[in-house]
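Hi,

Here's the model we talked about handing over.

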Amino acid sequence: MATRVFADDELERLRGFPEINREELIRFFTLTPADVGFIDPGRGRSPKDRIGLAIQLCTLPWLGFVPADVASAPPAAVARLSERLQIPVGELRLYGTRKQTRTDHLREVTGYLNWKSAKALQLKELDEFLLARAMEHDSPSLLFRLACEHLAACRVVRPGVVSLLERVATARAEAGRETYQRVRHLLTPKLMSELDGLLSVDPLIGTTRLNWLSTGATGDSANAVKGELEKLGFLRGLDADALDLTALPAERRRFLAQVGRRLTPQSLDRREPHRRHPILLTALAQSAADVLDEVIGLFDQAVSARESRARTKMRDALAARAAAGEGRQALLDEILPVLLDVAIADEEVGGRLRNTLGMERLRAAAAGSTPRLPRDHGHLAMLDDSYSYLRQFTPEVLRAISFKGSAGAESLMEAVKILKELNATGARKVPDGAPTDFVPVRWAGYLEQAAKSRDVTAYRHFWELTVLLGLRDGLRSGDVYVPSSRRYADPASYLFTPAQWAGQRDQFCQLVGKPSAAQAALEGCREELQTAMGDLEKVLGGRKAGVGEVRLSEKGELIIPPLSAEEVPAEAAALRDELSSCCRWLRSPRCWWSWTAAPASWTASPTPAASSRERRSSSETCWLCS
């Protein structure tokens, strides 16, 4: 059984010493004075026994067990202990010739480190732990590693590899039986018949329903959305969305659903009912959530694709508009200089422009004027061209999915509700008072213009488009969610409820090494703080600190002065003094400037009493500063 999980060389590695890194070497193979006293009590223990006992003492916390061949410990670890104990490395080769010596030493090490051997009680706790983990993970190698970590956390010496793998296999088999018992109340005769029907080929689709449900959409077209909506209707006809599988851990449900999708229908059909039906049940429930998310995702993609196409058309229209306005821009460039010329009288401006530019050119420019663009430059108007296409699937999506909104999305949710009613009744006119608070400012002008002109059709188009775009953006931001979805669920549902946390708190706190009671955790923090403050007081209180140093005041307050500036090097100070002496005339009010037209000829003229060196330095410095 064990060789089916690990290869032979892997089994040998698990039974022996692995390679050790520097961090592990320092962490586990550093002996304290108490450890040295335990290893060398002063009499009755030979050098080979001391070095062998030290290897076992450091290996047990490192690996959770001690390999049988103690002499095969990593050379770096042996050398570190040999230097600490002042024992030659070669003594380790003589250790363990008598098996009872190694056993007795291991018993002494476990007692010294407060570890325990794997007895009946510890093995029972291990089996319970493995069953709980096997309900979440089915990988035997992962369960083996988790078992080793659990034993090390509980300070229990790891049993043999084969023995531990047998317990892993037992836990996996027990997890399968436990899974069936937890979902048995859901497996009515009707449901079991429907589950078995998923494995039969349906002539309408040419394949099994299980394969059909597992095959995702290949595009974001309207037909693809309708295809996923058909799957969603089929699953809801089986009440797959109402299946309550919370009795199984989420990881177990995910694993069983993956098994159902990976295996062929023939392989599933050959399995026993108590193994086949839980797999099909979880696959059905998982498909209900996946198909729902797929429908919402395709809705997002299809709407976004049309919006992107409208944006591209808008940019092309803007480029064409700019190209067509080149003539008007050239005309404006000729008009502006005449208008800005103050030498031309106001009553002469009109006549000069008409005579210079020509009436035909002015009339052609006036005839080629275009209406002003809305705030979005016509983006929503371009999207209106895809209104008929969007209507092919958006009413069915709104009818099939129940959207909910968080705080701040009430106006949008009310608009979605009204749109559903319009689709159901076939009405075309948006009722008076329909909410528009969710409409962005850049699109509000379309609704105002349509309402002003009493164009019911245009108002319906633009209002419905803004609702669909607002719904898409709300799904992306989390302001809108779908209760039965996994990808678009309420963000608050990702948090533990108080009841869920109460059942997992003790185990989590045990894994992280923290007390489960809040009061105990606070007391531990206070003790750590008091210990740290005591250490700090020993450092600061036992010396006399200067005014600029970290110190304790007479009242016991911690004083941390500001950091002092770096000292100026002596060479820099000397250079500063020399430059100051050369340029002292620049600071005098008698220093005046004279310049010519060229900036390169700027000079400074100090008083006549200045030396030639001072004059040259002042002039150069002034020229550089200028």
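Residues 24 or more positions apart make up 69% of the chain's contacts with a separation of 6 or more, where contact means heavy atoms within 4.5 Å. Before you dig in: this is a predicted model, with local features needing pLDDT of at least 70 and side-chain atom pairs counting only at pLDDT 80 or more, while totals for chains, interfaces and linings use all residues. Numbering runs from 1 along each chain as its sequence is written, and side-chain values use heavy atoms, with hydrogens and water left out.

The overall numbers: the chain has 28 helices and 8 strands (DSSP runs numbered from the N terminus, H or I with at least four residues for helices, E with at least two for strands). Of its 626 residues, 36% count as buried; that means under 20% relative accessible area, with exposed over 50% and partly exposed in between (1.4 Å probe, protein chains only). The accessible surface is about 37600 Å², and 53% of that belongs to carbon and sulfur atoms (Shrake-Rupley, 1.4 Å probe, only the protein chains shown counting as cover for residues).

Leu383 sits in helix H19 (residues 379-383) and counts as buried because its relative accessibility is 3%. Leaving aside neighbours within four places in sequence, Leu383 touches Arg306, Glu307, Ala310, Leu465 and Leu469. Its C-alpha atom is 7.9 Å from that of Arg309, 74 residues away along the chain. Gln286, in helix H15 (residues 273-324), is at 18%, so it counts as buried too.

Next, helix H24 (residues 456-477). Its 22 residues should span 32 Å at 1.5 Å a residue, and the end C-alpha atoms are 31 Å apart, so the two agree (the expected span is 1.5 Å times one less than the number of residues). After H24 comes Gly478, with a positive phi near 95°.

Finally, the surface. Leu529, Met533, Leu536, Val550, Leu558 and Ile560 form a nonpolar patch with about 540 Å² of accessible area together. Helix H26 (residues 518-541) gives the largest share, 3 residues. Patch members have over 30% relative accessible area and no salt bridge, with nonpolar side chains (Val, Leu, Ile, Met, Phe, Trp, Tyr) joined within 5 Å and like charges within 9 Å; a salt bridge is a Lys or Arg side-chain nitrogen within 4 Å of an Asp or Glu carboxyl oxygen. Leu529 lies in H26 and, at 54% relative accessibility, counts as exposed.

Cheers
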